[in-house]
Amino acid sequence: MQNINLNALRVFAAAARQENFQRAAEDLNISHGAVSQRIKQLEQHLGLPLFERQARGVQLTRDGAAFRTAVDEALSIIDTACADLMRSSDQVTLHIGSSFATKWLMPRMKAFAAAFSDITLTTEIHDSLMDRSLGKGEIAIWPSRTRAAVTAHRIWHLCEVELVAVCAPNMPRPDGVLDISTILALPVLQDAHHRWLHLAQEHGLSDALNLLNFDRSALALEAAIKGHGVAIAPTYMVREDVDAGALTEIWRSPTPSGEHLFLSCAEQHAQNKHVRQTINWVLAEFGTGNAA
């Protein structure tokens, strides 16, 4: 099989991921018609259907699902190789979430720069776990319920995600120890994890919620600092603001969240000097030892 267009493969990968041609078009910033045409041309080239067209989207055929696995792997290799070629030898890239960058990394950047002046630290922000392998000088920090089974990656456990409720020290609230029912009666600030809603549903209190919604944890925490309500977040996201007196902890979840925070890098680059130094610094900040 020759001359399969690389753009057609990227369009196929987006359509397979979204199971919808319109959403794939929005991801790729092209028209719905262009997606449909590329897929049709690819199916004609391969001589078999890759999708079953349905009223509200598309679904991969059995051949399409097998093809998607191969395409995703191939595109991942290409994307990683391109990233490696464009990265300088002293650069380390952290792949992290936006709120982790704002609330955990930014307060520590000055100290990192002072300790490692020969490392150029950059960040790439992601809303979900990366869909390609990590390359030279790349480190990912990500929350998950399970350790990802990526054999080419070395993975470190940073911490269990422990949830706390915080608000401004001067926010009006009942005195004494607050239980979850009392807290849910206050104005609560919710991010995209919908943790308040889940807690309210567990306690049968969702109808009485006074919610202000945000799409980022960092925004909900900033609103809490301004006195607009109570936010819920992992301890590592609020520690700096609590220590500085900008927030006060009023409740800590008595049950495990089931989530953990992990760090990973490519096995073949784990002994790179700058990668190893950055990993050891992160591990030290979380109090989990040394990567060696």
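Predicted model: local features only at pLDDT ≥ 70, side-chain atom pairs only at ≥ 80, totals over all residues.
## Burial and overall dimensions

Buried residues, meaning those under 20% relative accessible area with a 1.4 Å probe and protein chains only, make up 43% of the 292 residues in the protein. Residues are numbered from 1 along each chain as its sequence is written, and side-chain values use heavy atoms, with hydrogens and water left out.

The C-alpha trace spans about 70 × 50 × 30 Å along its principal axes. The accessible surface, computed by the Shrake-Rupley method with a 1.4 Å probe, comes to about 15500 Å². Carbon and sulfur atoms account for 50% of that surface. With Lys and Arg counted as positive and Asp and Glu as negative, and with His and the chain ends not counted, the protein has 26 positive and 32 negative charges. Their mean positions are 4 Å apart, each charge being placed at NZ of Lys, CZ of Arg, CG of Asp or CD of Glu.

## Secondary structure and contacts

The protein has eleven helices and twelve strands. These elements are DSSP runs numbered from the N terminus: helices are H or I runs of at least four residues, and strands are E runs of at least two. A contact is defined by heavy atoms within 4.5 Å. Among contacts between residues at least 6 apart in sequence, 72% join residues at least 24 apart.

## Nonpolar cores

In soluble globular proteins, nonpolar side chains tend to be buried together. A nonpolar core is here a set of buried Ala, Val, Leu, Ile, Met, Phe, Trp, Tyr and Cys residues joined through side-chain atoms within 4.5 Å. The largest such core holds 59 residues, and I141, W196, V230, Y236 and F286 touch the most other members. Leaving aside residues up to four places away in sequence, Y236 touches F100, W104, C159, V161, L261 and F286. A second, separate core has 19 residues, including A15, A25, V35 and L75.

Strand β7 (residues 163–167) is mostly covered, with five of its five residues buried. In a regular strand the side chains alternate between the two faces of the sheet. Both faces of β7 are covered: L163, A165 and C167 are buried on one side, and V164 and V166 on the other.

Two strands pair if DSSP finds at least two bridges between them. β7 runs antiparallel to strand β10 (residues 230–234), to which four bridges join it; the bridge partner of V166 in β10 is A231. Four bridges also join β7 to strand β11 (residues 248–252), again antiparallel, and V164 stands opposite R252 in β11. β10 is itself largely enclosed by the rest of the structure, because five of its five residues are buried. β8 and β10 pair in the parallel sense over two bridges, with L189 opposite A231 in β10.

## Helices α9 and α10

The buried residues of helix α9 (residues 217–225) are S217, A218, A220, L221, A223 and A224. They pack against α5 (98–105), β7, β8, β10 and α10 (235–243). G227 follows α9 and has a positive phi, near 90°.

In α10, the buried residues are T235, Y236, M237, V238 and D241. Just after α10, G245 takes a positive phi of about 85°.

## Loop residues

Most residues other than glycine have a negative phi, and most peptide bonds are trans. N29, in the loop between α2 (21–28) and α3 (32–46), has a positive phi near 60°. N29 is exposed, with a relative accessible area of 70%. H194, in the loop between β8 (187–190) and α8 (195–202), has a positive phi near 55°. With a relative accessible area of 36%, H194 is partly exposed.

T255 is located in the loop between β11 and β12 (260–266). T255 counts as exposed because its relative accessibility is 52%. T255 and E162 are 93 residues apart in sequence, and their C-alpha atoms are 8.8 Å apart in space.

Notes: Buried < 20%, exposed > 50% of the residue type's maximum accessible area, 1.4 Å probe, protein only.
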